[in-house]
Amino acid sequence: MSMGTAEPRPADRRLRLVSAQADGQPAPASDEELLRAFHRGERGIGLRLYEHLLPAVDRTLYRILGCREQDHADLVQGAFEQIVSTLAKRRFAGECSLAGWASVIACHVGLSALRARRRERKVIDRAPGPSEDAGAAPEPPAQSADPERAVSAQRDLEALRRHLAAMDGDRATALLLHAMGYSVNEIAHLTGVSEAAAQSRLSRGRRELKARCEPDAAARRDADRPEEPR
């Protein structure tokens, strides 16, 4: 399952890290070092944590929502508020990477936003207008020699997001994490459940998503079937 075109890593951040190491400066802090600094309340730890986890949070939200609308910064902030709150309460067990754990929180934030947008679009058209910021535009279909096929693929992605928003949250999260490349064992650690429970959520999620997508596929087949002469 693909949630859209994967975004490249921020080039400016990558170059900055490479440059720092080339100058003989310390390598980026490890998860353990960041956690110790956070719990000691070291000055500037908030910014360091933000820079460390922003790529994972931003990428996850983008893959779920497919665009960066005007509330994208608010969603990122909401995710970080949950991250900081959970760390402050020492609820992060450390059984997975900070970035992976941040992706799970961003998944929940993104799915909640997706559900809210689906409800809102029933009464308000959120389609970007010409006066809106260019960053709010939805992701464009991948370049293709067949424009009709590209439009169809984009329509399928929108339907996929609609179905994910209507699914059980745990199952949808398992599907999203698996689509991001995490194994069942990693999903279990990230979500704090046994490997058997993670596999169950993933299997049930696949079945539920397939059942939700089948009417769409049947409708397309009916639309593509040539009309019989009367």
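What follows is a short chat about helix packing, the nonpolar core and the aromatic pairs of a predicted model.

Trainee: What should I know about the model before we start?

Mentor: It is a predicted model, in which local features need pLDDT of at least 70, side-chain atom pairs count only at pLDDT 80 or more, and totals for chains, interfaces and linings use all residues. Residues are numbered from 1 along each chain as its sequence is written, and side-chain values use heavy atoms, with hydrogens and water left out.

Trainee: How do helix 2 and helix 4 cross?

Mentor: The axes of helix 2 (residues 31-40) and helix 4 (residues 72-88) come within 10 Å and cross at roughly 75°. That makes the two helices roughly perpendicular (65 to 115 degrees).

Trainee: Which residues make the contact?

Mentor: Helix 2 brings Leu35, Phe38 and His39, and helix 4 brings Val84, Leu87 and Ala88. Contact means heavy atoms within 4.5 Å. By class, there are five nonpolar residues, one polar and no charged ones; Ala, Val, Leu, Ile, Met, Phe, Trp, Tyr, Cys and Pro count as nonpolar, Asp, Glu, Lys and Arg as charged, and the others, Gly among them, as polar.

Trainee: New topic. How many residues has the largest nonpolar core?

Mentor: The largest nonpolar core has 47 residues. Such a core is a set of buried Ala, Val, Leu, Ile, Met, Phe, Trp, Tyr and Cys residues joined through side-chain atoms within 4.5 Å. Those with the most contacts inside it are Val57, Ile83, Leu87, Leu98, Trp101 and Leu164.

Trainee: Which helix gives the most to it?

Mentor: Helix 5 does, with eleven residues. Helix 5 spans 98-120.

Trainee: And what does isoleucine 83 touch?

Mentor: Leaving aside neighbours within four places in sequence, isoleucine 83 is in contact with Leu53, Val57, Trp101, Ala102 and Ile105.

Trainee: How many aromatic pairs are there?

Mentor: The structure holds two; rings of Phe, Tyr and Trp (its six-membered ring) pair if their centres lie within 6.5 Å. In one, the ring centres of tyrosine 50 and phenylalanine 80 are 4.8 Å apart with planes at 40°, so the pair is tilted. Planes under 30 degrees apart count as stacked, over 60 as edge-to-face and the rest as tilted.

Trainee: Where do tyrosine 50 and phenylalanine 80 sit?

Mentor: Tyrosine 50 is in helix 3 and phenylalanine 80 in helix 4, 30 residues apart. Tyrosine 50 is partly exposed at 35% relative accessible area, while phenylalanine 80 is buried at 9%. Buried means under 20%, exposed over 50%, partly exposed in between (1.4 Å probe, protein chains only).

Trainee: What about phenylalanine 92 and tryptophan 101?

Mentor: They form a tilted pair, 4.7 Å centre to centre and 40° between the planes. Phenylalanine 92 is buried at 14%, and tryptophan 101 is buried at 9%.

Key. Axes are lines fitted to C-alpha atoms, for helices over the stretch in contact, and angles run from 0 to 180 degrees between N-to-C directions. Helices (H or I, at least four residues) and strands (E, at least two) are DSSP runs, numbered from the N terminus. Angles under 35 degrees count as roughly parallel, over 145 as roughly antiparallel, 65 to 115 as roughly perpendicular and the rest as oblique.
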